[in-house]
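Here is a brief report on one protein chain. Start with the sequence and the structure.

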Amino acid sequence: MERLEGLLGSVGRLILALMGAVTALQITVRVLPIGYSAVWTTEIARYLLVAMTLTGIPYAMRRGNHISIRPLLRMLSDSLQRYFITLANILVIVMCAIGVWSAVSVLNRTMSVSLPTVGWLKTGYLTLYMAISFALCIVVILEKLNSMWITDLSEPGAKEHPVGDAQETTKTSAQEGQ
């Protein structure tokens with residue numbers, strides 16, 4: 001899973017660099033009187049922003065940097081924390097499964113639809129990327145549930161750590177014990 005996290009981080013940085021280059025081109029063409037219209041840059045930049053967001057979702061979930069209710073849950077007892085975190089993760093799995101199902105159900109139709117200004121870019125590519133992103137989120141959550149319930153690297157007991165996920169908390173606790 002660390003390799004997946006590294007790959008997602010690299011893809012996110014590449015997308016960000018491409019988005020910056022496309023936006024810089026758009027600004028340059030707009031400012032300089034060169035007589036070239038770069039209308040396509042707006043659509044490409046928008047698609048790259050969506051792709052970067054979809055790349056960042058499983059990456060942030062894996063690192064424990066996503067918006068969550070964990071700070072609120074840390075006020076509960078350790079046993080209640082475990083059950084509420086599990087419930088929240090199950091709800092996220094359901095939402096991601098709906099996202100995967102929705103993307104797959106419209107994939108055939110969107111693969112034939114091109115962007116108005118960029119004919120070679122099909123909307124189905126982003127739809128497929130969305131399905132992959134949500135599927136990766138499910139994998140990340142299942143990994144976290146496995147570490148919480150099977151291998152007992154649990155989130156509970158992390159009240160003294162305001163941020164971070166189960167793996168960080170366990171590593172910190174193990175280091176303190178040494």
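## A buried charge pair

This is a predicted model. Arg62 and Glu143 are both buried. They form a salt bridge, with their closest N and O atoms 3.6 Å apart.

Salt bridges with shared partners join Glu2, Glu5, Arg62, Arg63 and Glu143 into one network. The whole structure holds 4 salt bridges.

Arg62 also pairs with Glu5, at 3.7 Å between the closest N and O atoms. Glu5 is buried, like Arg62.

A further bridge joins Arg62 to Glu2, the closest N and O atoms being 3.1 Å apart. Glu2 lies in helix 1 and Arg62 in helix 2, so this pair ties together parts 60 residues apart in sequence. Glu2 counts as exposed, at 59% relative accessibility. Arg62 counts as buried, at 4%.

## Helix 2 against helix 5

Helix 2 and helix 5 (residues 123-149) pack at about 10 degrees, their axes 8 Å apart. Angles under 35 degrees count as roughly parallel, so these two helices are roughly parallel to each other. Arg62 and Glu143 are among the contact residues, including also Tyr47 and Leu54 of helix 2 and Tyr129 and Leu136 of helix 5.

## A nonpolar surface patch

Ile27, Val31, Leu32, Ile34 and Tyr36 make a nonpolar surface patch of about 510 Å². Tyr36 lies in the loop between helix 1 (2-31) and helix 2 (40-63). Tyr36 is partly exposed, with a relative accessible area of 44%.

Methods
Residues numbered from 1 in each chain as written. Predicted model: local features only at pLDDT ≥ 70, side-chain atom pairs only at ≥ 80, totals over all residues. Heavy atoms only, no water. Patch = residues over 30% accessible without salt bridge, like charges linked within 9 Å, V, L, I, M, F, W, Y side chains within 5 Å. Areas by Shrake-Rupley, 256 points an atom, 1.4 Å probe, with all protein chains shown as cover. Salt bridge = Lys/Arg side-chain N within 4 Å of Asp/Glu carboxyl O. Helix = DSSP H or I, 4+ residues; strand = E, 2+ residues; numbered from the N terminus. Buried < 20%, exposed > 50% of the residue type's maximum accessible area, 1.4 Å probe, protein only. Axes fitted to C-alpha atoms, helices over the stretch in contact; angles between N-to-C directions. Parallel < 35°, antiparallel > 145°, perpendicular 65-115°, else oblique. Contact = heavy atoms within 4.5 Å.
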